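Good morning, and thank you for joining this group meeting. I would like to present a structure, with attention to its salt bridges. Please look at the display before I continue.

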Amino acid sequence: MSKGILYDATMCIGCKQCEQACATENGLPYDDKVAAQEVTSAHKYTTVLTKDDKFMRRMCMNCDDPACASVCPVGALKKTSLGPVTYDKSRCMGCRYCMAACPFGVPKYEWDKAVPGVRKCIMCGKRVAEGKQTACAESCPTGATKFGDRDALLEEAKKRIHDNPGNYLPHIFGETEVGGTSVMLLSSIPFNSFGYRTDLTERALPMYTYQVLSRIPDFVPLFGTMLGGIYWITHRRQDVAEAEANEKGQKGGAQ
Amino acid sequence: MTVPRIRFTFWKAVFAVIMVGGIYCTFLRFFRGLGASTNLSDQFPWGLWIGFDVMCGVMLAAGGFTLTAAVEIFNIKRFHSIVRPTILTAFLGYLLVCAALMYDLGLPWNIWHPLIMRNPHSVMFEVAWCVMLYTTVLALEFSPIVLEHFKLKRALRVVRSFMVVFVILGVLLSTLHQSSLGTLYLIMPNKLHPFWWSPLLPVFFFLSAIAVGLAMTIFESSMSSKYFGRELELPILRDLGRVLVVVLALYGILRFEDLLHRGVLKLVFTPGYEQRFFLLEIFLSVIAPLGLLLIPKVRENAQGLYLAAVLTLLGFVTNRLNVTITGVEIAVGGRYAPKWTEVVITVMFVALGFAIFGLAAKYLPIFPEEKAQIPALREPSTRFSEAAVPVHAGD
């Protein structure tokens, strides 16, 4: 059963307990200065954005069919069956295709390190595998960040909108974006006012490249045979011409 | 005689300065890290080293597979004398791309990982294998030149007997590799500006690689005749110019049709940041060289062909930089300009390319048929006219 996170911005009080818990869980520094940074970075995997009296979280969406994992040449990034998109630095070679490909701009890089790695929220992959909820959900005092089965959370989100249509935008961000994500968001004000892109395709991004890549095994023998065939035909003509020339030459010599 | 000599020392001095700068920047890159030596950021994980050194490096090496395909597979014999310099360029180009990758990768010592860790869904996985295999194939295609030089007859015979296989593999791998550099960007439909994102990106990258391969061959033949006092193969370059016209026309029409069907054409006439770079690219890569080459006088003339080739090269370099940098700026909300260290490293690789080409041309039988009769230094202008006169007389 795939797990997920439902973040309901209308219930959020902006206490940033999730940020603190995330930093502790991942061994990252956290103080007032970090708390004031409203951007995710190599040392801050989630952030609570404030706009007037509204809040919004940013974190890895842990896509159902993630572009980052699909583009990783060495499989350092992986979508686990439980939902988290995890990272294994020992496989990584640092090509940063994941960063270029991510539609949400999530993966960050340790630019200042001599042995750099990719850093991002991995939806507490280890905790989730142990049957626990994510650190951010566990620490949330209001239940704004809720952990559970993705399907159940999606039903709940729909119900919340249905029961209280005046309180919500009729849009569950992450339900269909880039083919669906494990993290889903509810809000009363447009998502793009927090920098979320609302024009994203509903198609899973890996399909764009896979529809080309999947044809390569068929292409190779066809194209190889074609090249070999052209060679054979063009050089056959040459052989014939040479043989004829030789014949003529021999005849000429004999006469 | 003094003029070329001064120029020669001048370029040596320039090369030395570039190398010193390059070594210093190499130190900065490997001891201070990517953050200190580049303007790369979380918004711009790819910059000049990917955009130019890798994307353009591979593209500029395309003459190798274009000409070997024409000569060895299609059996067009009159291009035979210019195949070797293109193989040298391709081999050098790929070696430099590999070297540049070592600078750009965050963990370069893991570069071999795709050998044992596979993800066939990743275009980068395909790219990695294409780079490794094609560099090997290029080494094999290049090996007869070295074997000839050292007169290793038996090894030469063995390599030659497999040459058809190498050539076919080389064309196949190049086709895959050139197009896959475009496929890399297919996964960014919401990130790359619609001027450049298209489902046809792999086709555009492949077609433009052929155009660049032809232009690069014209460029390096012209340069060789200038600096190594080689006979300019004007009739051959004219033929290449004609092929270039056809490839550029096909490419231009396809780009137009693609913009038309995706409904992006109106953006072309809307002033804007991306629009200016797009127009510059299209002017340099398609309109200007096509316009020039369609004039018979220009197409038949050595300098005209050279100019058209240089414009084509500049145009497609602009295209690759637009795809890697200009096209994503709006989506990531920022601008990228390379840091001086990035520029120095890139200039170092270009300089190394020229220098090694020069050395190889001097010591290896790259231009075998003429080698014996070339005096060390000759006035370039006389070579041009000598080559041109009989052809004009024949017209």
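A:Glu175 is partly exposed, at a relative accessible area of 29%; the term covers values between buried, under 20%, and exposed, over 50%, with a 1.4 Å probe and protein chains only. This is a predicted model, in which local features need pLDDT of at least 70 and side-chain atom pairs count only at pLDDT 80 or more, while totals for chains, interfaces and linings use all residues. Residues are numbered from 1 along each chain as its sequence is written, chains are lettered from A and ligands numbered from 1 in the order in which they are written, and side-chain values use heavy atoms, leaving out hydrogens and water.

Which residue does A:Glu175 meet in a salt bridge? Its partner is A:Lys158, at 3.7 Å from N to O; a salt bridge here is a side-chain nitrogen of Lys or Arg within 4 Å of a carboxyl oxygen of Asp or Glu. A:Lys158 is likewise partly exposed, with a relative accessible area of 37%.

In chain B, B:Glu148 forms a salt bridge with B:Arg160, and their closest N and O atoms are 2.7 Å apart. B:Glu148 has a relative accessible area of 26% and is partly exposed; B:Arg160 is partly exposed too, at 44%.

A further salt bridge joins B:Arg238 and B:Glu300, at 3.6 Å from N to O. B:Arg238 is buried, with a relative accessible area of 9%, whereas B:Glu300 is partly exposed at 24%.

Over all chains, the search finds 23 salt bridges.
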